[in-house]
Amino acid sequence: MEIGIGKKSVYLKKDLITPKGEITGFSCIFKPSTKFVKTGKYSVSILLSKEDGEKLLEIAQEVRKEQFKNFKGKKLAEIKSIKPYTKLNEETGEETPDSEGRYILSAGLKAERGKVAVFDAKGKPVSKALNIGEGTTVKLKLGVSGYTVAETGVSFTLKAVQIIDFVEYVSSSVSFEGFEAEEGFDIDDIKEEIKVEEDLDTVEEPQEADDEADF
């Protein structure tokens, strides 16, 4: 485990690669979001199995424990980067435990500290920005860091992403207005007809053959 010196604290840190997990919620892997951080921040959250989640939580707790012991912390901060996954019950307004006991892991990287490296399943770099959707299976390379400021805690820094199974993001422009998809009119059919007509318009008419052949 490496010891480093930060601007506000001395800290312990180690790198690890997570097991496979599915992306949940909105992710910013190729382009940082400025919604909460003016300078931009990359972020992603993944769902892990109960077994994998518990193992990673143990690692985070161990880093926090060592940080507390070595740098004389006064109070342990709650570990928020990885925790049991819950769902909001719309009827009661309360969070309910996941039926499979899964965990949710969240990690980020401030844009001022660099970019997130992205690779495909074969280990080749992905340079083109993709519209990554929920359900995409990934592995994450994380920097797990302990810190001691007012409290002693642990944070996960996103360093790299390996995309195992890609699911493209599709806008839910229908459902957010309260409608549900029905059988019937499909705008894509109209677009296809227009495209066919445009293609036909661009076809040149055959020229009439000259009366005299060129010999």
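How many helices and strands are there in the protein chain? The chain holds two helices and 12 strands, taken as DSSP runs (H or I of at least four residues for helices, E of at least two for strands) numbered from the N terminus. The model is predicted: local features need pLDDT of at least 70, side-chain atom pairs count only at pLDDT 80 or more, and totals for chains, interfaces and linings use all residues. Residues are numbered from 1 along each chain as its sequence is written, and side-chain values use heavy atoms, with hydrogens and water left out.

From the N terminus, the order of elements is β-β-β-β-β-α-β-β-β-β-β-β-β-α. The chain has 215 residues, and 30% of them count as buried (under 20% relative accessible area, 1.4 Å probe, protein chains only). Among contacts (heavy atoms within 4.5 Å) with a separation of 6 or more, 67% join residues 24 or more positions apart.

The largest nonpolar core contains 29 residues. Such a core is a set of buried Ala, Val, Leu, Ile, Met, Phe, Trp, Tyr and Cys residues joined through side-chain atoms within 4.5 Å. I82, L105, L140 and L158 have the most contacts inside this core. Two or more core residues come from each of β5 (41-48), α1 (50-70), β9 (103-110), β11 (137-148) and β12 (152-165). β12 gives the largest share, five residues. Leaving aside residues up to four places away in sequence, L105 touches several residues, including V44, I46, L56, I82, L140 and F156.

How values were computed. Buried means under 20% relative accessible area, exposed over 50%, partly exposed in between (1.4 Å probe, protein chains only).
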